[in-house]
Amino acid sequence: MTREEILKGLIEILENTPQVDSSKLKNVTEKTDFITDLEVPSTELINVIAKAESKFDVEFDDDDIDDLGSSVSGTIDLIEAAFKNQ
Amino acid sequence: MAIYTAREKDTHDHFGVFRGVDQIEAFGQASVVAGNAFISCVKKGISFSELYENYNFVFLTMGSAICKSFIKLGDTAIIHAHFDDYKFRQMISSGKVYKASKGFDLEKYYQDYTEEQFKNNIVPAEYMEVSEFNGLTGRGIKNNLI
């Protein structure tokens, strides 16, 4: 799966997240930050990551999430790494 | 379940009342902070003090709070908290705070208290419901990120 496909999948998750303003999702790139740019509440970000686990059929460790931050690129890195570890 | 008796330092400067905000703090500490830290200790196979060298467990936000009565200095708050969700060191709880009539033997009552009673929020007639909290959320955060 390419980084572009992962990005598209993340946007699909955000489209189904009520706390996210869908108009903000038109210009999401790897440089976007979930919290500062999309105003995703930090508590909801955990749910977005959990949904990503399910959508991409991967598994993250608690320790992975500790240092994840809130960038889209970091999340794509995490998903890519999880694919490699499968 | 947790039990806490309001002390002088808890009610100082607010007329001997353990306020709604104090109840939220007590509820959060007893549920999402303690529960979360316990799970992390078990998962990592380390002690509580070892865990706290690298992590702090904090109360972040909550859905709703309904305060129906109050707790005074010397009253015992009985906290019944249910865990709604847990993922990546983020825990959500909901539940109620009660107070019992004076002289009620809590230790004796809870000796035979069952999981089924807890799940169904069954409490004795001697209890008065003080508050109800929903969606209280806490998370374990690395010390270097705070």
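The dialogue below treats helix packing and a chain contact in a predicted model.

Colleague: How is the packing of two helices described?

Modeller: Two packed helices are described by the angle between their axes together with the distance between those axes. In chain A, the axes of helix 1 (residues 3-15) and helix 4 (residues 72-84) come within 10 Å and cross at roughly 115 degrees. Because angles from 65 to 115 degrees count as roughly perpendicular, helix 1 of chain A is roughly perpendicular to helix 4 of chain A, and their crossing is right-handed.

Colleague: Which residues in helix 1 of chain A meet helix 4 of chain A?

Modeller: On helix 1 of chain A they are Arg3(A), Ile6(A), Leu7(A) and Leu10(A), which meet Val72(A), Thr75(A), Ile76(A), Ile79(A) and Glu80(A) in helix 4 of chain A. By class, this contact has six nonpolar, one polar and two charged residues.

Colleague: At what angle do helix 1 and helix 2 of chain A cross?

Modeller: The axes of helix 1 of chain A and helix 2 (residues 42-56) of chain A come within 10 Å and cross at roughly 125 degrees, and the two helices are therefore oblique to each other. This crossing is right-handed. Gly9(A), Leu10(A), Ile13(A) and Leu14(A) in helix 1 of chain A meet, in helix 2 of chain A, residues including Val48(A), Ala52(A) and Phe56(A).

Colleague: How many residues does each chain bring to the contact of chain A with chain B?

Modeller: Chain B brings nine residues and chain A seven residues. Strand 3 (55-61) and strand 8 (127-142) of chain B each supply at least two residues of the side of chain B that touches chain A, and that side divides into two nonpolar, three polar and four charged residues.

Terms used. Residues numbered from 1 in each chain as written. Chains lettered and ligands numbered in written order. Predicted model: local features only at pLDDT ≥ 70, side-chain atom pairs only at ≥ 80, totals over all residues. Contact = placed C-beta atoms within 7 Å. Helix = DSSP H or I, 4+ residues; strand = E, 2+ residues; numbered from the N terminus. Nonpolar A, V, L, I, M, F, W, Y, C, P; charged D, E, K, R; others polar. Axes fitted to C-alpha atoms, helices over the stretch in contact; angles between N-to-C directions. Parallel < 35°, antiparallel > 145°, perpendicular 65-115°, else oblique. Left-handed = near helix turned anticlockwise from the far one by under 90°.
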